[in-house]
Structure formats: structure tokens, C-alpha cells
Amino acid sequence: MIKALMRGLAATALALTPLASSAPVHAAETLPLAEAVASLQPAVESRDGYSRSAFRHWNTGDDPADGCNTRYEVLLDEAVEPPEVGAGCRLTGGRWWSYYDGAWVTSASGLDIDHMVPLAEAWDSGAYAWTSARREAYANDQGSSVSLVAVTASSNRSKSDQDPAEWLPPVADVHCRYVVEWVGTKLRWSLTADETEVAALNQVAQSCLGWTVTYDPSA
């Protein structure tokens, strides 16, 4: 419950700070949103060779002893009202807020865990050159509070593998938060951005005065 309240406060603040990993290699960095967008490395994207299976998920999560994989650990972490946890990490009850579409969800089965930067987009943006271990780490990243987000299945599937030039959350009031989280994830993992993506990010950023991006570079 405490973690859920902390996430709610982070959503309304003018700066979003990812959770630090237990042993960060680099210190966290904070930039104004416009500067953060400008820090993205430009590159032409290519999906040649992409397969979702190149990103192993969901693995045993941050705590292999808890019997819950990454999906369920994220659900437990983001629950506003915690569910009961049964055998095999079966979740009963609970309540979640899907910020993409401003909806309350009362069943874990109605939620997807969205990769803020979709796996296919990550591949296009540099993950094609990663080792399989790094791709697995990306696909199960709980070292940042914004890499993985519990949202309604319908909003996640509407987004699919699109970048902000092609899709933004239907709730306009959360566009600044969404772009901050997108840029922070790309910077955390040293992912590139193409020309149309950067243009879309800059367009949103113009309306997000005072917003900053804080990210902890991945190992």
C-alpha cells in the first residue's frame, strides 16, 4: 500500500524518479524534459530480425523465493489495494489504477504489464545488438519504477509496439508523464530515437514546462 501511494505521488509531481537498483553502476541523472529529449541519440530504426522471443519474460522476478514472476511482482507493487496472494502467486481481489485510460481495475486478469518502450521498439533502437542476458534484463526491469506499468489490457493492446509519434494515452492529462517515462526508459537503456519520434516528443514537451526526467543508467 505504501509503495502504491508513493507511485501516486510520483505521478502528480513535476519530476519522476525511477527506483534505484541495489548496486547502480552510475549515479542517477536529472534533466529538464526538453534537454532529456535532446540527449537521445538519433538513429534510423530497423526491425530486421526481430522476434518477441528474443526477450525472455516473464522470469522469476526480483525475488525468486516469492513464487511470483515479474508480471505478478509488478502487479503486487502497483496495487492501490493489495490483493490476496494464494498458492502459485494466484491473486484474488485487489485494485489498480490504469493511468493510460484513467480506469480502475479490480481483477488482475484485466491488466497487462506494459513495457514502457515496447520490446519491438527497443529492438529497433539498439537492443538488436544486445546479448540475450541484457534483453532479458530489459524485459524484466524492475530497477526503475517506470520501465514496466500495469494498465488495462485494452489500452496496452491499443498501444501495441507504437512509439509516441504513433500513439499516446487516450487521457491527454497524462501525456507529460508518459513522455517523461518514455524518455527516461530510453536514456536508462541507451536506446536511440528516430526523427519522427523525436519530433513527437518535442511537441509534447512544449506543453510540459517544469517537468524533469530522472533516470538511473542500467548496468
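How many disulfides does the structure hold? The structure holds two, and the views below visit both, along with other close-ups. This is a predicted model, in which local features need pLDDT of at least 70 and side-chain atom pairs count only at pLDDT 80 or more, while totals for chains, interfaces and linings use all residues. Residues are numbered from 1 along each chain as its sequence is written, and side-chain values use heavy atoms, with hydrogens and water left out.

**View 1. A disulfide joins Cys68 to Cys89.** A disulfide is a covalent bond between the sulfur atoms of two cysteines; here the term is given to a pair of cysteine sulfur atoms within 2.5 Å. From S to S, Cys68 and Cys89 span 1.9 Å. Cys68 lies in the loop between α2 and α3 (70–78), and Cys89 in the loop between β3 (84–85) and β4 (91–92), so the bond ties together parts that are 21 residues apart in sequence. Helices (H or I, at least four residues) and strands (E, at least two) are DSSP runs, numbered from the N terminus. The torsion about the S-S bond of Cys68 and Cys89 is about 95 degrees, so this disulfide is right-handed. Both Cys68 and Cys89 are buried, where buried means under 20% relative accessible area, exposed over 50%, and partly exposed in between (1.4 Å probe, protein chains only).

**View 2. Cys176 and Cys208 form a disulfide.** Their sulfur atoms are 2.0 Å apart. Cys176 belongs to helix α7 and Cys208 to the loop between α8 and β9 (212–215), so to speak two distant parts of the chain, 32 residues apart. The link of Cys176 and Cys208 is left-handed, with -90 degrees about the S-S bond. Cys176 is buried, as is Cys208. With bonded cysteines counted along the chain, the disulfides follow the pattern 1-2, 3-4.

**View 3. Helix α8 (residues 195–205) has a buried face.** What is buried in this helix? Glu197, Ala200, Leu201, Val204 and Ala205 are. Seen down the axis of α8, these buried residues fall within an arc of 135 degrees (taken from the directions from the helix axis to the C-beta atoms), so they line one face of the helix. An α-helix has 3.6 residues a turn, so residues three or four places apart point the same way. On the other side of α8, Glu195, Thr196 and Gln203 are exposed. The buried residues of α8 pack against α2 (33–39), α4 (119–124) and α7 (175–188), with contact meaning heavy atoms within 4.5 Å.

**View 4. Arg47 and Asp161 meet in a salt bridge.** The term stands for a side-chain nitrogen of Lys or Arg within 4 Å of a carboxyl oxygen of Asp or Glu, and the structure holds 10 of these. For Arg47 and Asp161, the N to O distance is 2.6 Å. Arg47 lies in the loop between α2 and α3 and Asp161 in the loop between α6 (153–159) and α7, so the pair ties together parts that are 114 residues apart in sequence. Arg47 is partly exposed, at 34% relative accessible area, and Asp161 is partly exposed too, at 29%. A network of salt bridges links Arg47, Asp124 and Asp161.

**View 5. Arg188 and Asp141 meet in a buried salt bridge.** The side chains come together at 2.8 Å, N to O. Arg188 is in helix α7 and Asp141 in the loop between α5 (132–139) and β8 (148–152), 47 residues apart. Arg188 has a relative accessible area of 5% and is buried; Asp141, at 5%, counts as buried as well.

**View 6. Aromatic rings gather in one cluster.** Its members are Tyr50, Phe55, Trp123, Trp130, Tyr138 and Trp189. The structure holds 12 aromatic pairs. Rings of Phe, Tyr and Trp (its six-membered ring) pair if their centres lie within 6.5 Å; planes under 30 degrees apart count as stacked, over 60 as edge-to-face and the rest as tilted.

**View 7. Arg177 lies over the face of Tyr99.** The distance from the ring centre is 3.6 Å. A charge sits over a ring if NZ of Lys or CZ of Arg is within 6 Å of the ring centre and within 35 degrees of the ring normal. Arg71 likewise lies over the face of Tyr72, at 5.5 Å from the ring centre.
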